[in-house]
Amino acid sequence: MPPPLTATGASTEEDAAAAAVVAAEAVATSAPGAGDPEPQRKKGRRRKKKRRPRAPTEEEVAARRFVLRWASPGREAANEDERDVVEVGRARARRPRVAVELHAHSARSDGSFSPAELVERAHRNGVKVFALTDHDTMAGVQEAMEAAKQYPIRIIPGVEISAVHSPSDESGAEEPVHILAYYGSWGPARPQELERFLAGIRKGRYARANEMLLKLRGLNMPMKLEDVCKIAGNGVAPGRLHVARAMVDAGYVENIRQAFSRYLYDGGPAYATGSEPAGESVVQLVCRTGGVAILAHPWALKNPGAVIKNLKAAGLHGIEVYRSDGKVSGLSDLADTYELLKLGGSDFHGRDDKDEPDVGSVDLPVLAVFKFLEKAKPIWCNAVKETFASISERTTDLNGSNGFRRISSAGDLHSAPFF
């Protein structure tokens, strides 16, 4: 049985003294500024000490210089270098960066801005390389390239192609996948083949939109396909975003985000698939037409590992790894495993959403951009070579003479301005 306590909480003077020592030690370890001042000062210094920025490597500096010069052909990049100089070996030097946007949508698919407006926005945000990647159409690329003539910005003709992935072992359900295709300045080789392929997908979008409207009607939200197509615009195949906007206009939901989170998400009560081709066939088509094939937003997939493995076997060149909130480490590891490029973009649509990443907001490392261009260069050059050969053959068939100078070697193409 413990001894009786005094009014101070101690049974004897010794106990009281011991209690005082314990209390003092407790205060010293918990109260700020108490105890030995030297350890506290050291702790404070540790807390305030900031990590000094890593000095850029020679490889990063060289990559940045290459990308800038490629992004502004015919324009001297010296001014850019002077304004954002990076000296190798200086610990306080900034990490080399070039603002790049490789994933953005215009009003030619499900975006809000015209291609020209997007290019102007990209320039305003400091973007030097911009890829227009509308869903299943390249109709806006020419307008984007025309608009870019007044800015020091390079346009990469692109498209985001809708597809589906079916597990080879039949262990799971189909899921939608999207393949980003990037082409050289002269566009794809075999353009007619690519356009026929894309037109088939766009045609299926009308049937898909109608199916979504039927499901919404069953949920007491009747709407007409004509209204959705009017929102999409003349000649634009309707997508989920257009259906969502129609739902907002009809007063069924408060905003587009609510339409997706409640009804239109993958597998949602109003979700429907169209006539999308297999992901492997899309990758093969992109490779066949002289493009670089990248898997878009793989973090949205249920089984990204299986999808990436199958698409890699079909010729996939890379995957999106970088987002506005940073690098997705697990996907970066998968990219390393399958020796794939690591890219990323904002996926900008121009929605009325404060949380949507803006054009050029993804911090894509300059080495990632350089590796992308390094991979793309021979692919794009071969596409131009094939295009020239095709034109030359058609000209010879028509008049018996070759009206075009033959490209004699890959070296001629590697130094040509269309890369």
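How many residues does the largest nonpolar core have, and which of them have the most contacts inside it?

Reply: This is a predicted model, in which local features need pLDDT of at least 70 and side-chain atom pairs count only at pLDDT 80 or more, while totals for chains, interfaces and linings use all residues. Residues are numbered from 1 along each chain as its sequence is written, and side-chain values use heavy atoms, with hydrogens and water left out.

The largest nonpolar core has 59 residues, and those with the most contacts inside it are Tyr182, Leu295, Phe372 and Trp380. Such a core is a set of buried Ala, Val, Leu, Ile, Met, Phe, Trp, Tyr and Cys residues joined through side-chain atoms within 4.5 Å, where buried means under 20% relative accessible area, exposed over 50%, and partly exposed in between, with a 1.4 Å probe and protein chains only. The largest share of this core, 9 residues, comes from helix α14 (residues 366–399); helices (H or I, at least four residues) and strands (E, at least two) are DSSP runs, numbered from the N terminus. A second, separate core of 18 residues includes Leu216, Val228, Met247 and Tyr263. As background, nonpolar side chains tend to be buried together in soluble globular proteins.

Leaving aside its neighbours within four places in sequence, tyrosine 182 is in contact (heavy atoms within 4.5 Å) with residues including Leu102, Ile156, Val292, Ile294, Leu343, Phe372 and Trp380. Ring pairs also link Tyr182, Phe372 and Trp380 into a cluster, given that rings of Phe, Tyr and Trp (its six-membered ring) pair if their centres lie within 6.5 Å, with planes under 30 degrees apart counted as stacked, over 60 as edge-to-face and the rest as tilted.

The structure holds 5 aromatic pairs. One of them joins phenylalanine 113 and phenylalanine 348, which are stacked at 5.9 Å centre to centre with 20° between the planes. Phenylalanine 113 lies in the loop between β1 (100–101) and α5 (115–124), and phenylalanine 348 in the loop between β8 (341–344) and α14, so this pair ties together parts that are 235 residues apart in sequence. Phenylalanine 113 is partly exposed, with a relative accessible area of 25%, whereas phenylalanine 348 counts as buried at 3%. By contrast with that stacked arrangement, phenylalanine 372 and tryptophan 380 form an edge-to-face pair, with 6.0 Å centre to centre and 85° between the planes, and both of these residues are buried.

Charges over rings complete the aromatic picture. Arginine 154 lies over the face of tryptophan 70, at 4.3 Å from the ring centre, and arginine 351 over the face of phenylalanine 260, at 5.9 Å; the criterion is NZ of Lys or CZ of Arg within 6 Å of the ring centre and within 35 degrees of the ring normal.

Threonine 289, in the loop between α11 (279–288) and β5 (292–295), is buried, with a relative accessible area of 0%. Its side chain makes a polar contact of 2.8 Å with the side chain of tyrosine 183, a polar contact being a pair of N or O atoms within 3.5 Å, where within protein one must be able to donate a hydrogen and the other to accept it, and residues adjacent in sequence count only if both atoms are side-chain atoms. Not counting residues up to four places away in sequence, threonine 289 touches Tyr183, Pro188, Ala189, Arg190 and Leu194.
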